[in-house]
Amino acid sequence: MLLAALAAGGVYAVNRVAALDTIFPGVTIDGTDTGNMTREQAAGMLESAGWEEKISAPLKVTSIGGYSFEVAPKTAGTGIPAAQLAEEAFACGRCEKPLDNFISYVKFLTGAETAAVSSGGRTADRGYVSECVDTAIAA
């Protein structure tokens with residue numbers, strides 16, 4: 001009887017974690033804690049903090065040869081929208097298998113595992129950046 005109750009409790013816990021619509025605890029976006037937030041809350045928090053302005057501001061670049069130009073992060077493919085980062089944070093620790101999700105959740109909950117989603121490290125669109133350089137050289 002006790003074994004059946006434990007098994008039922010385990011199944012309930014696994015299904016409960018599978019149904020969570022919040023980001024696992026211990027997950028950050030660019031250093032900001034988004035654990036236990038919904039995707040919408042995480043995206044809204046980033047937007048309130050000026051995320052759109054951050055990814056829209058042009059980057060000023062000066063080459064070794066002294067040529068200066070600007071690169072727009074969004075156009076270059078490196079300005080990741082807040083909603084996309086929130087989706088990436090939500091995906092941390094999740095997979096198709098409910099039991100694996102439960103194990104990941106427990107690891108995040110206890111601090112045995114953490115995850116950081118970053119807007120950095122994205123590869124820029126080389127064609128667009130080359131056009132910016134060519135325009136600066138032609139000027």
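## Largest pocket

In this predicted model, the lining of the largest pocket comprises four nonpolar, four polar and two charged residues. The residues that line the largest pocket are K54, I55, A57, L59, P73, T78, G79, S119, G120 and R122, and the volume of this pocket is about 150 Å³.

## Packing of α2 and α5

Helix α2, which spans residues 39–48, packs with helix α5, which spans residues 82–91, at an angle of about 135°, and the two axes lie 8 Å apart. Because of this angle, α2 counts as oblique to α5, and the crossing in which α2 passes α5 is right-handed.

## Residues in the helix contact

On the α2 side, the contact is made by R39, A42, A43, L46 and E47, which meet A82, A83, L85, A86, E87 and F90 on the α5 side. Sorted by class, the residues in the contact of α2 with α5 are eight nonpolar and three charged, with no polar residues.

Methods. Residues are numbered from 1 along each chain as its sequence is written. This is a predicted model: local features need pLDDT of at least 70, side-chain atom pairs count only at pLDDT 80 or more; totals for chains, interfaces and linings use all residues. Side-chain values use heavy atoms; hydrogens and water are left out. On a 1 Å grid over the protein atoms alone, a cavity is a set of points where a 1.4 Å probe fits but cannot get out, and a pocket is an open set with protein on both sides within 12 Å along at least five of seven lines; lining residues have an atom within 4 Å of a point. Grid points are joined across faces, edges and corners, and a volume is the space filled by probe spheres set on the points. Ala, Val, Leu, Ile, Met, Phe, Trp, Tyr, Cys and Pro count as nonpolar, Asp, Glu, Lys and Arg as charged, and the others, Gly among them, as polar. Axes are lines fitted to C-alpha atoms, for helices over the stretch in contact, and angles run from 0 to 180 degrees between N-to-C directions. Helices (H or I, at least four residues) and strands (E, at least two) are DSSP runs, numbered from the N terminus. Angles under 35 degrees count as roughly parallel, over 145 as roughly antiparallel, 65 to 115 as roughly perpendicular and the rest as oblique. A crossing is left-handed if the near helix is turned anticlockwise from the far one by less than a right angle, and right-handed if clockwise. Contact means heavy atoms within 4.5 Å.
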